[in-house]
Amino acid sequence: MSAFPGFPAGRPGAKPADAADAIWQVITAMYEAYTAGDRPRIDACLDPEATVWDSGTAELLFGKSDLDRVREARPATGEGPVETGLEPYGQVVDVFGDIAVLRFWLRVDFAPDPDAGELRPELVRNTAVLRHGGDAAWRIVHLHEDVQQPGGVPVGGH
């Protein structure tokens, strides 16, 4: 028997699949937009005041202006390893009213390097907190990225 009336036994924030699917769709839409280079679509998945622990930045980012500053400092296209795909997977979703906590992995694949050969994928452990807003949309209010395996380096490299 569940300790929380209305919730299934097991995870205290477990919700029906439709809520989990809607929350997961925010993440997949964000990465689809990233792959397409569509920053406005990415930003539509984020609350304008969202905080972000970006995997490439030590400081906590506060809102869109901080995120844009970090985005502009990233290497230009054509510099460094070439990303060939992103795959978010392994999601665990808990919903507490209008707040959801999502944990998932992200795999980033890279094209082989002409000189070094096959490049190792990057594996990133993520936690996202989303809020269900008045417009009935889920938006990310906090995202924490934690690189567990740096990628874009030759397989067998350090």
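A residue is called buried when its relative accessible area is under 20%, exposed when over 50%, and partly exposed in between (1.4 Å probe, protein chains only). By that rule, 34% of the 158 residues in the chain are buried. This is a predicted model, in which local features need pLDDT of at least 70 and side-chain atom pairs count only at pLDDT 80 or more, while totals for chains, interfaces and linings use all residues. Residues are numbered from 1 along each chain as its sequence is written, and side-chain values use heavy atoms, without hydrogens and water.

Start with the whole chain, coloured by secondary structure.

Next, select Trp24 and Phe104. The structure holds two aromatic pairs (ring centres within 6.5 Å, with the six-membered ring used for Trp; planes under 30 degrees apart are stacked, over 60 edge-to-face, the rest tilted). In the pair of Trp24 and Phe104, the ring centres are 5.6 Å apart and the planes stand at 75°, so the pair is edge-to-face. Trp24 lies in helix α1 and Phe104 in strand β4, so the pair ties together parts 80 residues apart in sequence. Trp24 is buried at 14% relative accessible area, and Phe104 is buried at 2%.

Trp24, Tyr31 and Phe104 form one aromatic cluster.

Technical notes. Helix = DSSP H or I, 4+ residues; strand = E, 2+ residues; numbered from the N terminus.
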